[in-house]
Amino acid sequence: MMLRALMFSACALAACAPASAADPYPNQPIRVIVPFTPGGGTDFLSRTVAAKLSDSVKWNVVAENRPGAGGTIGIGTAARAKPDGYEIVMGQVDNLAVAPSLYGKLSYDPIKDFEPIGIVGEAPLVVVAGKNGPYKSLKDLIDAAKKAPGTINYGSPGAGTITHLAAELLQLQAGIKLVHVPYKGSGPAMADLLGGQVPVIFTSIPSAAPQIKAGSAVPLAVTSLKRSPAMPDVPTVAELGYPDFDVRVWYGLLAPAKTPQPIIQTLNKELNNILALKDVQDALAAQGATAMPTTPAQFAQTIAADHKKWRSVIQAANVKLE
């Protein structure tokens, strides 16, 4: 009787014990760090990916917001996580390719401290003017800026964001000078555009789409080389005379450096599988984004190339954060 009791207790303990390291990955919940507040594009994509992975491959994937300092706090947290595949992060061009050239000290190195998993999606920005303002086309804006340098204001969701740098790149390529008015987010920038306090803003497509559809804002151009499926009638900056102009916001998953490659490959495979699903593609399209399946190596090349690109723009435009 005593032997049976001991055997039963041993079996019960074994059933309750945590999975061993030898068990197939994943054998415990995966946390996706979202380095921004709930409700934004990064949060939406993170939760879409987490929910779909949980649903399609039956993993336990949970998104957790760790906002602050332009996304650098959450990214830094992920860089210091244990490299076992159970804590990954949704990074984007701002905090991986732009921030290193703007902030004197970061708690992470975007190249050395991460193993790229894959890009989730990318989306262009849009240049928007007020309905009752003087600019009905990008040419109107550029012509006016050439006639009166340094007198035309433009708004962005914040200093040092990719939207701010997109405007700086346009000024460099068009040979014009505008005055930057940074806001604390897309909402306040759009509010002032509609109120006539600022004549033009650079912003994301999801932030501008409702006002454009309502006819209260005028889209002048999108910033990608090709037209956006979300706004097929809006020309690109490139086709309006600046063929090298290409600004896209990308979002992608990364793991801490030294995460084993078999785990990275497993995550990449399942990420690309869900990006091929129509409902996921439709969900991204609703946010103005396009699903972008990639290999880890391709994502690493994108980070390195954009880091170099935006460092050059920051230096050429002499962008400094106050």
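Student: What separates the centres of domain 1 and domain 2?

Tutor: The two centres, taken over C-alpha atoms, are 26 Å apart. Domain 1 covers 30-123 + 248-317 and domain 2 covers 130-240, with bounds from an automatic or database domain assignment. This is a predicted model in which local features need pLDDT of at least 70 and side-chain atom pairs count only at pLDDT 80 or more, while totals for chains, interfaces and linings use all residues. Residues are numbered from 1 along each chain as its sequence is written, and side-chain values use heavy atoms, with hydrogens and water left out.

Student: How many residues does each domain give to the contact?

Tutor: Domain 1 gives 15 residues and domain 2 gives 13, where contact means heavy atoms within 4.5 Å.

Student: Why is helix α4 called mostly covered?

Tutor: Buried means under 20% relative accessible area, exposed over 50%, and partly exposed in between (1.4 Å probe, protein chains only). In α4 (residues 93-102), 8 of the 10 residues are buried, among them V93, D94 and L102. The helix is a DSSP run (H or I, at least four residues; strands are E, at least two), numbered from the N terminus. Its buried residues pack against α3 (72-79), β3 (87-92), α6, β9 (248-256) and α11.

Student: What makes K258 count as exposed?

Tutor: K258 has 73% relative accessibility, so it counts as exposed. K258 lies in the loop between β9 and α9 (261-275), and its phi is near 75 degrees, a positive value in a residue other than glycine.

Student: Why does N318 count as exposed?

Tutor: The relative accessibility of N318 is 52%, and therefore N318 counts as exposed. N318 is in the segment after α11 and has a positive phi of about 55 degrees, although it is not a glycine. Most residues other than glycine have a negative phi, and most peptide bonds are trans.

Student: Which peptide bond is cis?

Tutor: The bond from Y25 to P26 is cis, with omega near -5 degrees. P26 sits in the loop between α1 (2-16) and β1 (30-34).

Student: Which residues of α6 and α11 meet?

Tutor: I162, L165, A166, E168, L169 and L172 in α6 meet K309, W310, V313, I314, A316 and A317 in α11. By class, this contact has 10 nonpolar, no polar and 2 charged residues; Ala, Val, Leu, Ile, Met, Phe, Trp, Tyr, Cys and Pro count as nonpolar, Asp, Glu, Lys and Arg as charged, and the others, Gly among them, as polar.

Student: What does W310 touch?

Tutor: Not counting residues up to four places away in sequence, W310 touches V93, A97, V98, I162, L165, A166, L169 and V247.
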